[in-house]
Structures are given as C-alpha cells and as structure tokens.
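Dear colleague,

Please find the structure below for your records. My notes on its pockets follow.

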Amino acid sequence: MRQLEKLQSHREHMDMPDPHFPLKIHRTRFTEYGMTCFPHHWHEHIEFLVIVEGEAMIECNSEPSYVSGGDLVVVNSTDLHHGVNLSDNLFYFTVIADPSLLHSQSVDAVETKYITPITQNQISFQHKISQDAEVNACLKKLIEEYDGRVFGYELAVKSELYRLLTILLRRYVARVLPVNEYKTRIKNLERFDPILQYIEENYASKMTVDDLAKQVNMSRFHFSRLFKELTGKTISDYINHVRINNSEYMLHNTSKSISEIALATGFNDIYYFSRLFKSYKGVSPSHVRRMELH
C-alpha cells in the first residue's frame, strides 16, 4: 500500500488562471503517431476537445471515439478518459469549465432543471459530435472571445457556453441517471485511483487480480466487479490495452525489435503478443513496423 500511496491520483486537480472566472483553454499539438495525448484520468470539470486537424482515439468510460478535424469530444463530469494520437500532425483545443462557472446564485429553474444535473453527471452527453456547424460555430466564438479578452469577454464566453449546453441538451443527451449514482461513482473512482495509476506505471511487470485487490483491501470478486463497472473492461483487458498502446508507440517511434518491444511491454511470448496486438489494432506488429520503414 505504501508504494501506491506515493503515486499521483487519477483525479486531476486543475488550477484555473482566474479563480473568479474558472475556465481555461489549452492548445495541443502532437506529431508522433501512437503517442499518448493524456493518460487515464477523471475530474469533476466539464471538458470539450475541439479537433482542428489530424486524427486521434479518445476513450471515455471504455467507449472509444475515432475523431478528426471538425469533430468535438464532450467529456462529462467524472468520465474516465484518455487519448492517443493517430496521425503525424494532431492539433486540438481543450476547453475546461469548472462547474462553479455555470451555477446560478439563486435556486431557479435553470439551476435545478439543467445545471445541477449536468454538473453532477445526472445528465450526460454523447461523447463524439461530428461536423455540427452550430456547435462548432459556438465553440469558435467562445475561443475567440476568451483569447481576445475585449471588455465584456466574460459575458460573451459564458453566454456561448450556455448556448452550447442548450444545443447539447436538445440534440445530444446520452443518458439521465439518479443523483445517488453520481456520489457512488466519485467514491469508487477515488478508491481505484491508485490502482489505475499503478497499472499505468508498472504495466510491464507481472500483476494479478489478487495482488491488485489486496492493495485496496477488497475481495477478488468485489474488486473485479467494481473495476469492470468503472472502466468497462476486465482487469486483464485493461492491462493489455495499456501494454498494447505502449507497444504501438514503440513500434512507430523507436528502433527496438518486435521481440524487444514485446518484452518491454510485459509479454514473454512474442507469438502471443503478435496475436493480441492484431486483435486490438487490426494489424500485426510487423505490418506496423513495415509501414513505418516506408
């Protein structure tokens, strides 16, 4: 347990540039195919990934979305998400809004019917939104206002954010959950934070379900059930995903042989590694390496 306590949590704690206007925008570019854009993590903020060019795989709660220029990914509060670059030139904006920015000072219909359910993940939105001109125009204006900082920009940004949420509520609601499920999910995510981080940092090492379950003082059965509920994957499937994603990055960006990469990512049997890689990626490791050499 001491080793796990040293690891950082998968819950991302974000400082806002202006605490009186808790919203921030990042610009991100990746040029290495297969590179992890961001590891598995979660937060209570609402996040929008605006893809400008290139391609990527963004996974939210085990649901992969393959996105390209013109697409939007909505990351709901407490969504466990991560991303992988799938092109030589990926560029996207990340718009992150703290829930406090959206709340009303008084308990009105807007607050009770929409904002509180959205920020507490009772209402969650579809993750991938493709080529919606109105959504894209709204985000473009929001980013322009935030960057320009012209007098009154806070009003403009907040109005565009509310406009965006209105569009999402009318067109892209994915599910509506009871309020108690939100609190239970946060509790379970916090409990599993060190396990997820441990897997990310030690994927090449041998690990068993029993060993991981002991780290959080849970039975094998209860641990496996909750893990599947939170991530959408079994323990072995989750570990294999982490290993295969790292091996794909090495195939594209290192000169290591396929055998060396297999060993470096936790596979002692190169034939098993090749079969598993193909089942996850649709092509063999040797095919990826040949394409990289051309």
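How do the residues of the lining of the second largest pocket divide into nonpolar, polar and charged? There are seven nonpolar, four polar and four charged residues in that lining, where Ala, Val, Leu, Ile, Met, Phe, Trp, Tyr, Cys and Pro count as nonpolar, Asp, Glu, Lys and Arg as charged, and the others, Gly among them, as polar.

The model is predicted: local features need pLDDT of at least 70 and side-chain atom pairs pLDDT 80 or more, while totals for chains, interfaces and linings use all residues. Residues are numbered from 1 along each chain as its sequence is written, and side-chain values use heavy atoms, without hydrogens or water.

A pocket here is an open set of points on a 1 Å grid over the protein atoms alone where a 1.4 Å probe fits, with protein on both sides within 12 Å along at least five of seven lines; lining residues have an atom within 4 Å of a point. Volume is the space filled by probe spheres set on the points, which are joined across faces, edges and corners.

The second largest pocket holds about 250 Å³. Of its 15 lining residues, Met57, Tyr66, Asn245, Tyr280 and Lys281 lie nearest its centre. The largest share of this lining, three residues, comes from α9 (helices are DSSP runs of H or I, at least four residues, numbered from the N terminus).

The largest pocket has a volume of about 380 Å³. It is lined by 23 residues, with Asn61, Arg175, Leu177, Arg185 and Glu229 the closest to its centre. Helix α6 gives the most to this lining, five residues. The lining comprises seven nonpolar, ten polar and six charged residues.

Yours sincerely

Definitions and conventions: Helix = DSSP H or I, 4+ residues; strand = E, 2+ residues; numbered from the N terminus.
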